[in-house]
Structure formats: structure tokens, C-alpha cells
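Please open the model in your viewer and keep the sequence panel beside it. The stops below proceed from one chain to the other.

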Amino acid sequence: MVQQVVLQAEPRTECGKGPGRRLRTNGRIPAVVYGLGRPPVNVSVNVREMEHLVGAAGTHAIVSLKVGDQTENVMLQESQRHPVTGRLLHADFFRIDLSKTIDVAVPIESVSTPVGVKDGGLLEQLLREIEVRCLPLTKPNVIRVNVESIRIGHSLFARDLPPMEGIEILTPPDTALFTVLAPRKEEELVAAPAEGEVQEPEVIGKGKEKEEGEAEEEEAKGEAKKEAKAEAKTEGKKEGKK
Amino acid sequence: MLLPKRVKHRKVQKGRRRGIAWRGCNLSFGRYGLKAMTCGWVSNRQIEAARVAVTRHIKRGGKLWVNIFPDKPLTVKPAETRMGKGKGNPEKWVAVVKPGRILLELDGVPEDIARGALIRAAHKLPVRTKFVMRAEGGQAA
């Protein structure tokens with residue numbers, strides 16, 4: 001069950017790079033509210049409150065957004081981060097009707113150690129999120145999956161998830177979520193790096209290759225002629241001296 | 001070592017590394033990763049050295065993903081050669097790395113081992129890096 005977080009937003013009239021940067025230097029980030037057939041509204045929110053929201057309620061948090069006097073029920077649709085610094089840059093809020101179901105991605109986490117891992121295998125999580133359909137306030141922040149029964153070489157599929165009340169799983173049933181891989185041999189782990197000359201890959205386009213090959217041959221011939229000439233000259237000089 | 005199987009051209013121009021990596025900057029496979037903080041050319045030997053360093057540190061468990069591929073040929077002119085007479089021969093292959101790029105990803109090991117392994121890998125690379133990990137709820141921090 002999701003706790004609805006309250007977030008204060010301020011409407012903004014200026015858009016674009018300059019106003020956006022000014023907002024970010026003042027501790028706020030630009031955001032947009034859209035959905036339910038109503039026109040989109042540009043807003044700004046406090047970056048610290050947003051960080052707290054993303055940290056506590058996850059990537060698709062259900063939020064009660066206060067814009068001026070109005071309060072809207074929204075879902076955090078997307079949050080953009082800077083690739084290097086990781087700071088928040090922008091947020092998208094999607095208007096939702098609390099009485100209607102929504103399709104949303106929920107993160108999954110493994111619980112307990114699989115049998116295969118105890119036998120030396122490696123648990124690999126193939127899917128990080130699954131698509132579910134539920135009412136906004138029944139959306140779980142995370143789905144914890146018991147992976148205890150997975151043996152080496154076996155997988156846990158979406159169809160193996162236990163039924164949850166009020167939540168319909170939309171991910172195809174034959175999608176693998178977790179698998180336990182067999183342990184690798186030590187020879188495979190550290191392969192000796194190949195030493196020696198740099199290998200050359202095949203060049204696409206055979207005609208060009210031929211041309212290049214011919215050119216190289218011609219170059220080699222030219223060099224051989226030059227060398228022969230130089231030798232002849234040095235010999236001539238020696239003879240002249242004698 | 002990593003190198004392309006087929007290429008369109010044997011030699012390419014040097015190019016410039018402007019800006020930051022807006023793609024390949026989030027963890028896609030593993031729980032832990034190594035993120036580049038500066039730009040640079042990472043050669044296939046350096047990638048291999050980093051891979052071996054990680055594999056030796058994590059021993060048996062764990063899975064490693066290498067997210068960069070050296071697809072750019074670098075040419076070098078032979079020693080004691082006068083300038084001119086055309087471009088040199090391809091000597092090594094490099095991956096162009098920009099700040100923000102995830103270079104390696106790791107999963108299936110505890111955090112302290114992952115951190116140690118990726119720091120050892122970072123010592124083999126010509127770019128400054130940062131250890132990153134996926135936060136609770138699946139998002140990369």
C-alpha cells in the first residue's frame with residue numbers, strides 16, 4: 001500500500017535553458033504536470049523534497065501535488081538526472097484518477113538465498129521491473145520475490161509470482177525474472193591476454209581491398225627500385241674513388 | 001582481446017571528445033558499476049587488464065559486464081621515420097569514453113568485494129572513475 005506524499009509546487013511561466021538553469025541554481029527544478037485530457041502545466045519543485053520523494057517512495061511515487069491553491073493527484077512518471085553528477089534535472093508528473101486503475105512498472109527484489117546459490121551457482125536478476133495494473137493507492141513500492149526454490153540452471157518466471165490482492169501482472173507469464181547460473185571454471189575466469197602483433201579486422205568492400213593490396217604491392221616495388229638505385233649509386237661512387 | 005571483426009575503413013580520423021555521455025550512463029545489468037568522470041581513449045589492452053583485475057578479485061562468484069567496445073583504430077608511424085609519406089599503420093584499438101559513461105558492471109557479489117574489484121579495475125584505466133551502485137527500488141544512484 002502506497003502512502004501518498006504531499007509535494008508543494010509553484011507554477012512557472014518561463015521555459016527554456018536560461019530560466020531552467022536559474023531555477024536549478026536556486027535549489028528548484030523545472031517539472032511538468034500532464035494527463036487526463038487537461039492541458040499541461042509547467043511547475044517547479046524543491047529539489048531536496050524531490051530527492052526525498054524519490055528516495056522514499058521510489059521511481060513511480062503517487063503524489064498529492066499542490067500547485068498554488070489546487071491539489072492534484074499525480075504519479076511521478078519520469079525523473080531526469082545529470083549523467084555525471086547524478087543531480088535531478090527535471091520531473092514529469094502524470095495526473096491520475098485515484099478510482100481508476102493504472103499501468104505502472106514496479107521494481108522487483110529477491111528475498112532469501114536460492115538452493116542453486118548454496119550449491120555454488122550465481123543468482124542473476126534478468127528483469128528489474130515488472131508491469132502491473134492496479135489502483136494507484138494499492139501500488140506497492142517494491143515487489144519482493146522469494147527465490148529460495150531456484151536450482152542451478154533453472155529460472156523463476158513471471159507466472160511463478162504469487163497472486164497479489166488487487167494487483168494484475170501485465171508482464172508476459174513466460175518472462176524470466178531470476179535465474180541461477182552454473183559456476184564457471186577457473187580457466188574461463190582469467191584468460192591470458194593475447195600478445196604479439198595487432199590483428200587486423202576484415203575491411204568491408206572487396207574491390208577496395210584489392211586496390212589497397214595492389215597499392216601496397218606497388219609501394220613495395222617502388223621502394224625496392226629506390227633501394228637498388230641507391231646501392232648502384234654508392235657502388236658507382238666507390239668505383240670512382242678507386 | 002576485443003577488436004572489431006569487420007570494419008568499413010582501416011584508418012579513421014582522430015576526432016574530438018566533446019560533451020558528456022547522455023547514453024550508456026545508467027546501470028543496465030548489474031547492481032554495481034564503474035562510471036567515467038573524465039573523457040579518454042580506453043584501449044583494448046586496458047579493458048582486458050581491467051577485466052582480469054576484477055575477475056581475479058571476485059574469484060568465482062559474480063558476473064561482469066564490459067559496456068564499452070574498442071571500435072576506433074589508432075595508427076602509429078614507425079620509429080625513425082620522416083614526416084609525410086602517408087598515415088601510419090593501425091597499432092591499437094580504443095573505445096571513446098566521455099564523462100558519465102558506465103564502463104563496467106558487476107553483480108552477484110557483496111558490496112565491499114564489488115567496490116574493491118572495481119577500484120582495482122579503475123587503476124588499469126586512463127580515465128578518472130567513480131564507483132556507482134543501484135539504489136533501493138532499482139534506480140541507479
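**A tour of chains B and A**

Begin by selecting Leu2(B), which lies in the segment before β1 (6-7) of chain B; strands (E, at least two residues) and helices (H or I, at least four) are DSSP runs numbered from the N terminus. This is a predicted model, in which local features need pLDDT of at least 70, side-chain atom pairs count only at pLDDT 80 or more, and totals for chains, interfaces and linings use all residues. Residues are numbered from 1 along each chain as its sequence is written, chains are lettered from A and ligands numbered from 1 in the order in which they are written, and side-chain values use heavy atoms, leaving out hydrogens and water.

Because its relative accessibility is 30%, Leu2(B) counts as partly exposed (between buried, under 20%, and exposed, over 50%; 1.4 Å probe, protein chains only).

Next, display β6 (residues 89-97) of chain B with β3 (residues 40-43) of chain B: four bridges join these antiparallel strands. Two strands pair if DSSP finds at least two bridges between them. Ser43(B) stands opposite Val94(B), and Val94(B) is also the bridge partner of Lys72(B). Strand β5 (residues 72-76) of chain B pairs with β6(B) over five bridges, again antiparallel.

Now move to chain A, where six strands close into a barrel in the order β1-β3-β2-β6-β5-β4, with mixed pairing. Select β1 (residues 5-11) and β4 (residues 62-67) of chain A, which run parallel and are joined by five bridges. Within this pair, Gln8(A) stands opposite Lys66(A).
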